[in-house]
Amino acid sequence: MIENSPKGTKLPSEPQLASELGVSRATLREAMRTFESQGFLRRRQGLGTFVEKPTRVIETGLEVLESIETLGKKIGLNVTMGALDIKHALADEMQAEKLHLRVGAPILQVKRVIITDHAPVAYLIDILPDHVITLKTIEDQFTGSMLDLLNRFVNPPLSESKTEISAVHAHSEVAKALDIQRGDTLLLLSGVLFDVEGHPVDFSYSYFLPGYFKLHIVRKIGRFEIQ
């Protein structure tokens, strides 16, 4: 059914589809979760489930940090920025710990949606100490990638990112931004970006829709001694 349906086709309701296919609703839900994780279906809050057919997948190794825009250019994929929210805020306890600040220190918070093939595929949040880069620079120069912007304007230069990877369920803010249902599964990369002197300059959350990204890592075999 999915293979022969054009992109954007709305699927029947879950009870109707289970009846048509002659399967239980539990079996159907599991199958639909699999198709959704592969990018073939998208559930939209309050609207239903629709056929998706991502034409290209952004594939990259995790050994080198590159922006979605840079990765998209490598495969000829047009990557644009959707809704953008930039504001001053005060660091909470976690943000202060990650950025080596005092609680209540001034920070900049940048949230935006990343779009490919006219569909939202990622929701990115960056939190920065307000001395790292000015609000005006972000407003004038920002096109979607905080990494690319910091590489251009931050001194000392950037060095490395310490990143945690997890599968999470979309909370209401993320679900609304990505036009999905609350509770849908997403890939989350949360990390701290450091300059060459070891100072944290950015704390980020990157939520990725499954099916549009394929991430891998090369792991070397550890040495061992034969007793």
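**The pockets and their surroundings**

Eight elements each give at least two residues to the lining of the largest pocket: β3 (58-61), α3 (68-74), β6 (119-129), α6 (146-153), β7 (158-169), β8 (185-195), β9 (200-208) and β10 (213-216). Helices here are DSSP runs of H or I with at least four residues, strands are runs of E with at least two, and both are numbered from the N terminus. Before going further, please keep in mind that this is a predicted model, in which local features need pLDDT of at least 70 and side-chain atom pairs count only at pLDDT 80 or more, while totals for chains, interfaces and linings use all residues. Residues are numbered from 1 along each chain as its sequence is written, and side-chain values use heavy atoms, with hydrogens and water left out.

The largest pocket has a volume of about 710 Å³. Its lining holds 36 residues, and those closest to the centre are Leu 65, Glu 66, Leu 189, Ser 206 and Phe 208. A pocket is found on a 1 Å grid over the protein atoms alone, as an open set of points where a 1.4 Å probe fits, with protein on both sides within 12 Å along at least five of seven lines; a lining residue has an atom within 4 Å of a point. Grid points are joined across faces, edges and corners, and the volume is the space filled by probe spheres set on the points. By residue class, this lining divides into 19 nonpolar, eleven polar and six charged.

Next comes the second largest pocket, with a volume of about 270 Å³. It is lined by 13 residues, of which Glu 14, Met 32, Arg 43, Thr 49 and Gln 181 are the closest to its centre. Here α1 (14-21), α2 (25-37) and β2 (48-51) each supply at least two lining residues, and the largest share, four residues, comes from α2. The classes in this lining are four nonpolar, four polar and five charged.

Now to the charged pairs. Side chains of opposite charge can pair when their charged atoms come close. With a salt bridge taken as a side-chain nitrogen of Lys or Arg within 4 Å of a carboxyl oxygen of Asp or Glu, the count comes to four. One of them joins Glu 173 and Lys 111, at 3.0 Å from N to O. This pair links distant parts of the chain, with Glu 173 in helix α7 (residues 172-178) and Lys 111 in strand β5 (residues 106-116), 62 residues apart. For exposure, buried means under 20% relative accessible area, exposed over 50%, and partly exposed in between, with a 1.4 Å probe and protein chains only. Glu 173 is partly exposed at 32%, whereas Lys 111 is buried at 16%.

Arg 112 is buried, with a relative accessible area of 2%, and Asp 126 is buried at 6%. β6 is also one of the elements that supply lining residues to the largest pocket.

Another bridge joins Lys 136 and Asp 140, whose closest N and O atoms are 2.5 Å apart. These two residues are separated by about one helical turn because they lie four residues apart in helix α5 (residues 135-141). Lys 136 is exposed at 55%, and Asp 140 is partly exposed at 47%.

Finally, the backbone. Most residues other than glycine have a negative phi, and most peptide bonds are trans. Asn 155 and Pro 156, however, are joined by a cis peptide bond with omega of about 5°, and Pro 156 lies in the loop between α6 and β7. His 100 has a positive phi, near 55°; this residue sits in the loop between α4 (93-99) and β5 and is exposed at 57%. Asp 179 likewise has a positive phi, near 60°. Its place is the loop between α7 and β8, where Asp 179 is partly exposed at 31%.

Notes
Ala, Val, Leu, Ile, Met, Phe, Trp, Tyr, Cys and Pro count as nonpolar, Asp, Glu, Lys and Arg as charged, and the others, Gly among them, as polar.
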